[in-house]
Amino acid sequence: MDEHQVASLLKTSELFPLPKGVKLSYGTAGFRADATVLESTVYRVGILAAVRSIKLQSSAVGLMITASHNKVSDNGVKVADSDGGMLSQDWEPFADHLANVSSSQDLVSLIRDFVEKEKVPVGEKFAEVWLGRDTRPSGDLLLQAAKEGVASITGSVMFDMGILTTPQLHWMVRARNKGLNATQNDYFEQLSSSFRCLMELIPSGSGSKFDGSQRKLLVDGANGVGGQKLEDLKGSLNNLVIEIRNTGKDGGVLNEGVGADFVQKEKVVPSGFGSMDVGMRCVSLDGDADRLVYFFIPSDSTGNIELLDGDKILSLFALFIKEQLSVIDTERKYSRLGVVQTAYANGASTNYLKNLGLDVVFTKTGVKHLHEKAAQFDIGIYFEANGHGTILFSETLLSWLESKQKDLATTAKGSEELKAVSRLVAMSKLINQAIGDALSGLLLVEVILQHMGWSIQKWNELYKDLPSRQLKVKVPDRTAIVTTEEETEALKPPGVQEAINTEIAKYPQGRAFIRPSGTEDVVRVYAEASTQEKADNLAKSVAQLVERFLGSKIVPSES
Ligand code: 16G
Ligand code: MG
């Protein structure tokens, strides 16, 4: 780093002092804090994104200011790596140091040491950073801070893409680095054209089962960005009527009583929905539209819903893909299909998937872990129960499919084989290959339901969820809990797992685990059992064990 670079960093960092007492961690998916204390962090993430881009030979890197599922004053910032995925995990410690170093001098030394150690050619190559932001008023100020950070690295180029869903920015970064068109219009065009293509491939018998009202989908936009973007996209979709509520434009508050996180955790009807919607197919997005869950209101509802979570979406996708593969690759020579879940996956879903004959593997919580595992298959489907997930197609499989499609188009026009291949190719374009994406996810669900000729109730019957309960426990030090890689068992503190096992053994179909949260200062407890009452009791006794072993208190308001 030359003098000019050092001077630039010293000058700009003075503008963004770190507020006293703030300690942040990149955590599972970026920095999160109240918008009022996040400016200096966002400025520093601007620096991080620029340095990362230079390290990757000036590939585009994304910086996203997000409004995921947290309350309206909370904000988040994260980096999209050059492949469109999450920031490479080996850069997370640098991100942590960068966010927490206090003086400008220390900040500069930290960057200088890192750049030297990692041999990042700062000053020789330029950086390219793509910026996206959420819908909140705080986004403006935070975006300015991000721009200052990027600009403080000599020779940086940046593209401000405005208000976006998080997956849109990830998609754009991926497309840009593949040399493809990467604007919002290109994103919409890819989604709508692959959706239309899949619609055209629906067997005539099933499609016709979808009468007028079945074509209607009610969307809960969490008062975030997703509903607004879907509003822009819906005009170019055929055979689907989309009614969007909670767009945030009618004064509703982001994530307050609405959205995927609320619906999945509380299992109650979100604001804006009610008795007039009984039986209708509904979907909830989260605030930055990187997750989705479906639900319907049963006729005897007293505020409760029937939830179709990430596991059920995954199961629908798996079934559809398996059906297509059975037509084109009977011996499964070319297409290893795998499913990735976490410990939070409902046991009934895992059984269902295994009974389909699928390879089911588990990783720890967090998109980056699931994504990495899914990429090891030819087709890897990953979903967390909370609605984060997508389907990854390997390059090898895609080129095999594309050449097969070409051959069949001349030799076997109109054949079932050609249709199956074409469906898979269109699917790989519809579903976001960079990260889970509520918009592309819901379009795929919709087209598959029409393909099957299924109502949401019929889809829900694939399997019946085992009753479950989640609790959180506030502890003095959540790092005292160390778990196995898949988070299903606690290795530390000594004795806690044995005590948990004793509790589990008391319940038919009992399953429970504890893990430290990666996003909040709590320990999470998950329990499953044959009835809701039993799942509640098991969760409670495991939470009490956490309390006993770690000297803590169960947070009264459960989530
Ligand atoms: C973040 C993760 C999500 C994970 C959740 C767990 C991404 C994009 N998001 O929201 O995958 O399920 O954290 O939170 O990676 P927890 O550690 O507090 O339970
Ligand atoms: Mg989110």
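**Notes on the model**

1. Helix α13 gives the most to the lining of the second largest pocket, contributing four residues. Together with α13 (367-374), α6 (166-177) and β14 (389-393) each supply at least two residues of that lining. Helices (H or I, at least four residues) and strands (E, at least two) are DSSP runs, numbered from the N terminus.

2. This is a predicted model, in which local features need pLDDT of at least 70 and side-chain atom pairs count only at pLDDT 80 or more, while totals for chains, interfaces and linings use all residues. Residues are numbered from 1 along each chain as its sequence is written, chains are lettered from A and ligands numbered from 1 in the order in which they are written, and side-chain values use heavy atoms, with hydrogens and water left out.

3. The second largest pocket holds about 490 Å³ of space. Of its 24 lining residues, D83, G85, H371, A375 and L392 are the closest to its centre. A pocket is an open set of points on a 1 Å grid over the protein atoms alone, where a 1.4 Å probe fits, with protein on both sides within 12 Å along at least five of seven lines; lining residues have an atom within 4 Å of a point. Grid points are joined across faces, edges and corners, and the volume is the space filled by probe spheres set on them.

4. Domain 1 (3-178) and domain 3 (311-460) each provide at least three residues of this pocket's lining; the domain bounds come from an automatic or database domain assignment.

5. Around ligand 1 there are 17 residues (a heavy atom within 4 Å), the closest being E384, S517, G518, T519 and R524. Polar contacts (N or O atoms within 3.5 Å) reach oxygen atoms of ligand 1 from a polar side-chain atom of S517 at 2.6 Å, a polar side-chain atom of N386 at 3.0 Å and a polar backbone atom of V367 at 3.1 Å. The protein covers 94% of the 450 Å² of accessible area (Shrake-Rupley method, 1.4 Å probe) that ligand 1 has on its own.

6. The peptide bond from K492 to P493 is cis, with omega near -5 degrees, and P493 sits in the loop between β17 (490-492) and α18 (496-504). N239, although not a glycine, has a positive phi of about 60 degrees; N239 belongs to the loop between α9 (225-233) and β7 (241-245).

Technical notes
A polar contact is a pair of N or O atoms within 3.5 Å; within protein, one must be able to donate a hydrogen and the other to accept it, and residues adjacent in sequence count only if both atoms are side-chain atoms.
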